[in-house]
Amino acid sequence: MAAHSDDSHGPQGTSNGLWPTEEEELGVAHPDREILEEPLSDRLLWEEALLGKIRTMSVLQRNVLLDAIHHCIKEHSQLIWKEVASTGIQELLAPLNLELKQPLEKTFLFHIYGLILRESANEELVRRHLADLLELSHQSANQREGIAAAIGIVSSSHLPAVWAALEHLGRTRFLRTAFMSPDCQQPDPDRPWRWVGCTSLLCYGQMALHAREQILPWVDNIISRMVYYFSCSCYDNILKTSFLSATIILMKALKQENSTRSYKFSQIPELIQCLLCILQKEPNFLATLFRQKIIMVIVGLSNLRPSLKPMVKSRILQTCLQSLFMLPPMEKLKSCLPPLDPAPDVMVLYKKSMQALDLLLQNFISENKSMDEMCFLLQHMEPWLQSDKSHECKRVVQTIFLLLKYVVDYVTLTEEATPSLLGHQIGLLVLLWRDKDPVTRGHSHQCIYLLLQLLIQQKGSMEQFMYLNKMKNFEAKARRESEMKFYNMVKALNRSLTVAQHTQLILTLLEGLGSRSRLQCDLASQLLLVIFEDHGIKVEQVAEILQGLFQELPSVVFKSILQTMMRMVTLLGTQHTEETVEVILSLCHPSDRQVLPLWKALASNTRLARKVLTLLYVKLKLRPPRERIRLSQQAELISLLALGTIYELLYTREYKATVRWAFAGILVGLLTQLHYLFELDAVEGISDYQEDILEMKPLSPCRTCLEALKGLFWTTNYWEVFAYLKLLRGWELFEHLETYTEGVTLLARAMAHYDCEVKAVLGQAVISLKSSEERDNIVAILIITEFALAADCANPNQFLNSQELTQYISRRTMDNFLSLGLNNPNQLVRAISLKGLSSILMHPKKVVLLRNRLAGLLDGFVKPEPKDLLGLMEILGNILLHLGAQGVGAASLEMAQHLLPLFEDEQAPVRGRAISLFGDVICSRGKKHQPVLKSYAFQALVPLLFHLEDSCPNVVTNTKLTFLRCAILLKWEFRKELFGKLAWGHGLGAENDIFIYMVESNFGRYHQFLMQALIYLASPHKNLKHTAMKFIGGILQEYFTDLCFSLKKGDLKILRKYMEVLKQDPDSVSRRFYNSFLEDISELSLFVRH
């Protein structure tokens, strides 16, 4: 009979080698043998006969034979029959009558050794020989296998003794070697014991194999020791192959034991973790079937009870998928192999490894026949579905296809489940429809159809099943992708997916828009457009979809994709406007520039833009009382988000027309919102704002509201109203609750004067007056009353011209509204209502009385020494305000005439009030007197220009406004630019611009400006005098040619007269001016002929 030999063993090692060769290390694993298929009954046929002969031997014969075999094994690393003859073993083996025709391997002696010990009834003898056996060298692979084989055979009769011997070995030899060479690199003095752990692993495997029906009570202890030895040993190929061999043997034993199915194992996850560690450390090439064997062992272990927990299965999937999918492409797999003889067939190795993976996945889904399990498996393949490497993507799609094909053909999903994650996985597969690899494209299409088929089978819908088959046939015939193909697929997905799954599908396609692959981006955008245009989005999906879209915006590379995304937002806004607005408000702070494109997309058509702005206005009015708001919640108030958004949209070109359309509502909303913020005491940052400093941090709520209020007038081109308040520092009145009502009053007055949306604002004010909110009543009554005071009263019994209040509302209706305010619980509202009811609009007979009073007061200007000019001008101003523009009549001309000289009054308050009142007078609306008023305005230009440099700041403030009002009356071309310089300009640059705006807007009248400026050369106020010099110098330099034609000889005499005075002036600046321009004046004399 021939001794058992393993064909998978590599070449044997030398007897005197200190290190095992690579062939010896790999030989233990049997890489080419089909695992888990060889039955236990395939033992050598001669074993039974051998046992019979051993049993006939006496105890003495057995002992002698045991000692001889032990001595032989210890002295020789490998034995053949010729060596046996010379050692005397031949005589000892003669009674066994073995007919050995082949060389005798040492493992055969281990086999006999184990059989003899197994048959021994002497426990002490067994323990002694077990100890001797384990004390042998563990350096050779054959030695380790032989020891393990003998140990396994003995354990079938003496299991406790074997266990005790291995425990002792672990506590002594193994622990010592483990601690002496922890880094596994430096040679240790106990070299023969280095691989004692590997021997132990093989021993435990053999114990399990020979334990038979005793296996289950011992199996958890055996597995725990295997895990321990693997974890505590230095990792190398010998440990790897030993552990894998032991695990394979263990699985063989468990497979042959019928009661295994009912037993609950406790150590399986730990054993699997060790196998996964081996798999993780495999090199990135295929030279053996280690990967296949490990996965197949895991398949077997996963069938044991209890079922693996999701976390363990997850680790299995991650490791196995990574080990196979990340291998180099097939064309490189062979080239990256190390030199091997013979060279392995890489294709066969790869195919078998992938088949093992397929079997693992099929095993998992067969254990848990549910869509949840399917999604769980697919979830672990997602990283490779998104891989940039074509071969990885190809492998995973093929694996998914085979899994789905198996489920459709052989598995009936018993548990009805609708995991939302499936939508995400479908999206990832859909994004591969235009992959460059044709195999990937084909499999991705088939995967979608198979998944849809599973979903339809779950629902049991025959109609959908027929539709899917019809569509599949259509797709098979289609040579190229088309819009109809997308449309059909979208229809099928809409019918089959739940809302949550559909949402995940869309979110995945949105992620595809950020890809750097143009093909994938175009595919995702086309599919999304089909979904959106087909009204495939439900209300409950809007929030997640918009959030996903917003998150993807920064990663989008292609401009056309961005445009498509904005088209989607438009479609979503059109279909679900309110929900879309709410979600966009919640995405981020309104000042974040990333959210602005979404708002712009909602302004793509007028109707949608108006709906959006209306919704923002409605949300602006959602103002919970202060006592119901926590301090931490204040920033999250929907009204504050709406406020910030409105502020941003004011400066967005796409909303310009819509803001103009909603002007009145926005205005009243902002005014009441500001009052609400005062109620909340949210005034931080409202007064320390600086317009000329650009800061990236968001404005405070109160400041945002005020800036939005200002921006409303500026962006809608009602800049005159903005300028009126700016130059009077009226916007500052809105910074404090105490002056808030003054600010609203001044704003309403400016709006009435410049006819700024009076009708619409009045309508909104009337609505607010009927509100139950006190703040609404206050704003409304202030606006209505001020409009009433500014109304024209020339024709009180009929509706008047288009610029007047009575065009929009009758006197009786106004009376009703103001009377309504008398019943308001708020004292301020009642008081202002009384003021409105006392206006001339409500009492036209007051006009005659006030006009007569005005005529008498004007005489006060012509008295030799007028007393209390300030008081007189204050009264005149009030009368002017109450009478209205046309109500003053011709008196306005006389008033303007009297006010001009007061510009040069010694008292700064008189100068300032005269300049301010002059501005009110020239802005009278009466067309009859407007030409004369224009002439007065022209006369005032030079004095006003010079008083911009007045020593009194209040005079300068009043001068700026009156100068601008003159420019508006005279219809200068650069009025808005002039205001900008007056409001924010500084230094010589601003002065020069204002000079140019003034002179260029009065073409041909330069000489008049020159003559008006001359008198200031004699001014006692140095700042006015120096300003006049700069102005005159500018006229002489820039418009010298024009002066040659427009000046007269008499004008030159006056010019010389004022210039000669400067010659002796003690002021050095005056003398220098004289010397600088004397030559110009002399040259000018040569050209003036008349």
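Me: What makes the way α46 passes α48 a left-handed crossing?
Reply: α46 goes past α48 in a left-handed crossing, the term for a near helix turned anticlockwise from the far one by less than a right angle. Bear in mind that this is a predicted model, with local features needing pLDDT of at least 70, side-chain atom pairs counted only at pLDDT 80 or more, and totals for chains, interfaces and linings using all residues. Numbering runs from 1 along each chain as its sequence is written, and side-chain values use heavy atoms, leaving out hydrogens and water.

Me: Why are α46 and α48 called roughly parallel?
Reply: The axes of α46 (residues 908-922) and α48 (residues 953-969) cross at roughly 20 degrees and come within 9 Å. Roughly parallel is the label for angles under 35 degrees, so α46 and α48 qualify.

Me: How do you know that the length of α35 agrees with a helix of 15 residues?
Reply: At 1.5 Å a residue, α35 (residues 701-715) should span 21 Å, and its end C-alpha atoms sit 20 Å apart, which agrees. N717, with a positive phi near 70 degrees, follows α35.

Me: What makes α35 largely enclosed?
Reply: Of its 15 residues, 13 are buried (under 20% relative accessible area), so the rest of the structure largely encloses α35.

Me: Why does V829 count as buried?
Reply: V829 has 0% relative accessibility, so it counts as buried. V829 belongs to α41 (residues 827-837). Beyond its neighbours within four places in sequence, V829 touches N777, I778, I781, G821 and N824. V779 is 50 residues from V829 in sequence, with 9.0 Å between their C-alpha atoms.

Technical notes. Axes are lines fitted to C-alpha atoms, for helices over the stretch in contact, and angles run from 0 to 180 degrees between N-to-C directions. Helices (H or I, at least four residues) and strands (E, at least two) are DSSP runs, numbered from the N terminus. Angles under 35 degrees count as roughly parallel, over 145 as roughly antiparallel, 65 to 115 as roughly perpendicular and the rest as oblique. The expected span of a helix is 1.5 Å times one less than its number of residues. Buried means under 20% relative accessible area, exposed over 50%, partly exposed in between (1.4 Å probe, protein chains only). Contact means heavy atoms within 4.5 Å.
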